[in-house]
Amino acid sequence: VHKITNLATRIPVTALIMDRNTFGYKLRRASQAPTKIIPYFRRLWRNRNIRKTSHGFLDFYGKVIDEIAKDSPSLAIGASNEDTWESVGQLQFDFLSQHGLKQTDHLLELGCGNLRAGWRFINYLAPYHYTGIDISGRVLCSALDTLVKHNLQSKHPLLYVTDTCACDFLPEEHYDVVHAHSVYSHLPIELINQSLEAVYRIVKPGGFFDFTFLPTENAPYSFCDEDFYYPGDCLLAACEKAGFSAAIMPDWKYNQLKIRAKKLGKQ
Ligand SMILES: C[S@@+](CC[C@H](N)C(=O)[O-])C[C@H]1O[C@@H](n2cnc3c(N)ncnc32)[C@H](O)[C@@H]1O
């Protein structure tokens, strides 16, 4: 009931939360979307080849994103057209600015992509107060184009490419807010655990970390090693283990759910 009352309203509950590991689910998906069967096998083949030259998951996934970004950086971050790119960026900005982000805050965006939300945060915050990190060099080059397009050079955002979840190059207890949209939906649980520990170190006491995830029932599920689905309770437990106090945010309306993980203490 907890999960159902917290679901995005635009998508029927049953379409979001179900046990995706069952054979029945996979058969139903294939029959509902027969045109996706060939692209699915192409994706498996591409990933199999990329995996052969990769060292660990993040290296593999960074190369997958880089590969897609050769043709379209926006597609690589999941936006199939300009309208989606704009609207999902706006949605993230509106939500966070209405749920605690202040103009004086220091914000870290984990998996910032090509700044579809990031350029709005950069515009809103004081100079040097935005940091964006990503594992894809190509996507970050496209982020620089977004900066230029919106004339935001004087805001001096800090943009870093990384190949780990450690965030060890970032200062301790520096960020008021950390934001990750559609990033943990692409990571296995071991890396989510590492990332949560890293975020806990760099967020200020009294600060918070918002991240979205793809929900599923019962057991975690992964699709093509690119999309990872988790039961909400599994991620809430991971947050608690890293030291946060966490809850699903009831008024986030999108096809992923959002958790706010708070680092308790004075700000
Ligand atoms: C689906 S895209 C979303 C991008 C951005 N958050 C947005 O909403 O536009 C996920 C992004 O996260 C990046 N990414 C995935 N895992 C990451 C990690 N562990 N650290 C930093 N970036 C990561 C990917 O390269 C990709 O650009």
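The model is predicted, so local features need pLDDT of at least 70 and side-chain atom pairs pLDDT 80 or more, while totals for chains, interfaces and linings use all residues. Residues are numbered from 1 along each chain as its sequence is written, and side-chain values use heavy atoms, leaving out hydrogens and water.

Helix α7 spans residues 82–98 (helices are DSSP runs of H or I with at least four residues, strands runs of E with at least two, numbered from the N terminus). Its 17 residues reach 24 Å from first C-alpha to last, close to the 24 Å expected at 1.5 Å a residue (1.5 Å times one less than the number of residues). Among its buried residues are Trp85, Val88, Gln92 and Phe95 (under 20% relative accessible area, 1.4 Å probe, protein chains only). Just after α7, glycine 100 takes a positive phi of about 115°.

Gln92 also belongs to the residues that come nearest the ligand, together with Gly111, Arg116, Asp134 and His181. A polar side-chain atom of glutamine 92 lies 3.0 Å from a ligand oxygen, and one of aspartate 134 lies 2.5 Å from a ligand oxygen. Histidine 181 places a backbone N or O atom 2.9 Å from a ligand nitrogen.

Key
Buried means under 20% relative accessible area, exposed over 50%, partly exposed in between (1.4 Å probe, protein chains only). A residue is near a molecule or strand if one of its heavy atoms lies within 4 Å of it. A polar contact is a pair of N or O atoms within 3.5 Å; within protein, one must be able to donate a hydrogen and the other to accept it, and residues adjacent in sequence count only if both atoms are side-chain atoms.
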